[in-house]
Amino acid sequence: MARTDVASAQRRRQLIRMDQGAARKHPPRRRRGYTVRFDIGGVAGHLTTNAYPDGTLGEIWVSIDQQGSPLSGFLDSLFAAVSLGLQHGVPLESYVAKYAGAQFEPRGPVPDPDIGYAHSLPDYVFRRLALDYLDAKTCARLGIRSEA
């Protein structure tokens, strides 16, 4: 690697810094939340949420029955990152806007009457979370509505 390439790489590394000002708000030891069982395109699992005392979402866990699979690892990583983001102040609305409507396998009808059909596991999870944790006006603006 040429000397100018090394210097350029060092400058780029110096510019990439995490904002240390966003303090993490840990959920309390005892939390309110729920667990929902789902089956999407033959992939069964559970969505578990935990909320702060004021009712805002603080943690999300998604586990599927195919432990050890690449999909399971992807979901563990995605929802751990989303939980950390929520605890650092990223609004649930931002995640819903990004992931609701994502389309990839597995997909299919779901036994949840509010959702009806899921285009992917993140699509199902974020639509479910929107209906449970966001107000009706925000859901409408994001294009999220109950099928029931």
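The model is predicted: local features need pLDDT of at least 70, side-chain atom pairs count only at pLDDT 80 or more, and totals for chains, interfaces and linings use all residues. Residues are numbered from 1 along each chain as its sequence is written, and side-chain values use heavy atoms, with hydrogens and water left out.

I begin with the overall fold. The chain contains five helices and five strands; helices (H or I, at least four residues) and strands (E, at least two) are DSSP runs, numbered from the N terminus. In sequence order the pattern reads α-β-β-β-α-α-β-β-α-α. Of the 148 residues, 37% are buried, where buried means under 20% relative accessible area with a 1.4 Å probe, protein chains only. Contact means heavy atoms within 4.5 Å. Among contacts between residues at least 6 apart in sequence, 47% join residues at least 24 apart.

Next, the sheet. Three strands form an open sheet in the order β1-β2-β3, with antiparallel pairing; two strands pair if DSSP finds at least two bridges between them. β1 and β3 are at the edges with a single partner strand each, so one side of each has no neighbour in the sheet. On average, and with direction ignored, neighbouring strands are turned by 15° against each other. Between β2 and β3 there are seven bridges in the antiparallel sense, and L47 has V62 in β3 as its bridge partner.

Which strands does α2 lie across? Helix α2 lies across β2 and β3, and runs at about 175° to β3. Axes here are lines fitted to C-alpha atoms, for helices over the stretch in contact, and angles run from 0 to 180 degrees between N-to-C directions.

Helix α2 also meets α4: their axes come within 12 Å and cross at roughly 35°. From α2 the contact takes L71, F74, L75, L78, F79 and V82, and from α4 it takes L121, P122, V125 and F126.

Finally, the core. A nonpolar core is a set of buried Ala, Val, Leu, Ile, Met, Phe, Trp, Tyr and Cys residues joined through side-chain atoms within 4.5 Å. The largest one has 30 residues, and I60 and Y124 have the most contacts inside it. Two or more residues come from each of β1 (32-40), β2 (43-51), β3 (57-64), α2 (70-87), α3 (92-99) and α4 (121-133). Leaving aside residues up to four places away in sequence, Y124 touches V36, F38, I40, V110, D112, I115 and A118.

Technical notes: Buried < 20%, exposed > 50% of the residue type's maximum accessible area, 1.4 Å probe, protein only.
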